[in-house]
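Hi everyone, thanks for coming. Could you bring up the model on your screens? I'd like to walk you through one part of it.

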Amino acid sequence: MTDNNGINSGAQTGAGSTARPGDPCIMVIFGASGDLTKRKLIPALYNLAQDHLLNENFAILGVARNDFSADQFRDTLSQEIPKFLTTKVDPALWKWFTDRLYYLSGDFADPGLFQRIKQNLTEIDQKHGGKGNYFYYMATAPEFFAPVIQQLGAAGLTDEDQGGWKRVIIEKPFGRDYDSAKDLNKKVREVLSERQIYRIDHYLGKETVQNILVFRFANGIFEPIWNRRYIDHVQITVSETVGVEKRGGYYDHAGTLRDMVPNHIFQLISLTAMEPPISFDADVVRDEQAKILKAIQPMTPEDVLSRTVRGQYGDGVLDGEKLAAYRAEPNVAPNSRTETYVAMKLYIDNWRWADVPFYVRTGKRMPRRVTEIAIQFKRAPFVLFRKTSVEALHPNRLVLHLQPDEGISLSFGAKIPGTIVRMGDVDMTFRYDDYFGATPSTGYERLMYDCMLGDATLFQRSDMVESAWSVVAPIQDVWDALPPRSFPNYAAGSWGPRDADDLIERDHRYWSACSHPVQKT
């Protein structure tokens, strides 16, 4: 069924299943003139419209300090958006979209701005039929999160007593440390109930991340061996080829530990390690994730020194291109102590994972852009092969490739054809594109769609945020107290500092070289 604007009222998402469009609603984007809006949010909303998952009763009100008119806002997006869309622009669909775009300029500290927002929302709601449902997207610098939400509350814009739901999506970083995250939670909860708060981590919008739960709990062959009896260790790698680009001013105050570990890395750990939930209800899933975060073994200062590594890239070469050192990047201090690489060994103190190390590493200016979770199983006994030509049995490894080529691979041993018994490693690979076709995505589509439906499964809860920061806190304390002695300590274009290799090799284990990406067939 299609309305007069060419927007279908339903969409097929699988055999025999239909996904309904999101609720009628109005989205308010604070920081609408920034990069996030044009690079990710608008393209994601366009994709939802193209997939018939935006309600025909939908509109957007952009709010920012830039002195634009609504027409200038539409024109600017119309000129720039083709560079960021994951598909070609459909003129009819884009017109439908821009007819629902509005804009207000003002100072976020001015209560008068929020009265104008309230008035505009009433008018837009009457025109487009949003039914009083509003969600506010904090696409601003973190220091504006609490003040904007408090202004929304003071203006009555978060009140649900008059009908319609009110929700707020908050971008990362959610705090700079445990104390600031706890304080931000307190200030936000003074205005909103927990069910109204959607703390976003765009990594959880990626298809393979969502598939972790399906892979683990819908396949009877994996869950029985997903424990300390069969798994030797787990590796999580999040590597980027880019440096800090134009974000030096932000990054030099944040660093990789704050930017990646409490959110992206710990979300991947919790989904990999969690117990089976009794249902896929949001709080049931998040209860199990929270248990994992609370079970991560806290580090003593001695543990921080022996089980964590920090690095900063120097100059180097990647694909024949000379790369500048981090300290030579724009807006970075020439003697910066900020880390661009983190590696650590973590333990989860519960029955399933006792004594199984989780090795994680994340860094910038690495040789390949890759995010993967590698599950290495224990070796089989060698007894049977003592009188053969087989010299060693290699452990089986299951790798969940999250980006850029989403898929799953499994390595195992097989006999090499011939008279004598010899073994070789075999890789079985699965690519999403090959089986299900490519779905152009920014990673934000699923998350905003879920917010429109009121499904908070893929969003962080306050206790999850605070638990994650409590794990990071002792690392921050030690690193703040002890300046790094050898920065820069890895070349741009390499896999990181030698200390990170020592961290895992001391245990007679080795980093996955990320040399087996899922290849296109």
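This is a predicted model: local features need pLDDT of at least 70, side-chain atom pairs count only at pLDDT 80 or more; totals for chains, interfaces and linings use all residues.

Residues are numbered from 1 along each chain as its sequence is written, and side-chain values use heavy atoms, with hydrogens and water left out.

Helices (H or I, at least four residues) and strands (E, at least two) are DSSP runs, numbered from the N terminus. Two strands pair if DSSP finds at least two bridges between them.

So, in what order do the strands of the open sheet come? There are six, in the order 5-4-3-6-7-8, and the pairing is parallel. Strand 5 and strand 8 (197-199) are the edges, each pairing on one side only.

Now look at strand 5, residues 101-105. Five bridges join it to strand 4 (residues 58-64), running parallel, and A64 has S105 as its bridge partner. Is strand 5 mostly covered or open? Mostly covered: five of its five residues are buried, meaning under 20% relative accessible area with a 1.4 Å probe, protein chains only. L101, Y103 and S105 point one way, Y102 and L104 the other.

Further along, strand 6 (residues 134-138) and strand 7 (residues 166-170) run parallel, joined by five bridges. There, Y137 stands opposite I169 of strand 7.

Finally, the helices. Helix 2 (residues 70-80) lies across strand 4 and strand 5.

Note on methods:
Buried means under 20% relative accessible area, exposed over 50%, partly exposed in between (1.4 Å probe, protein chains only). Contact means heavy atoms within 4.5 Å. Axes are lines fitted to C-alpha atoms, for helices over the stretch in contact, and angles run from 0 to 180 degrees between N-to-C directions.
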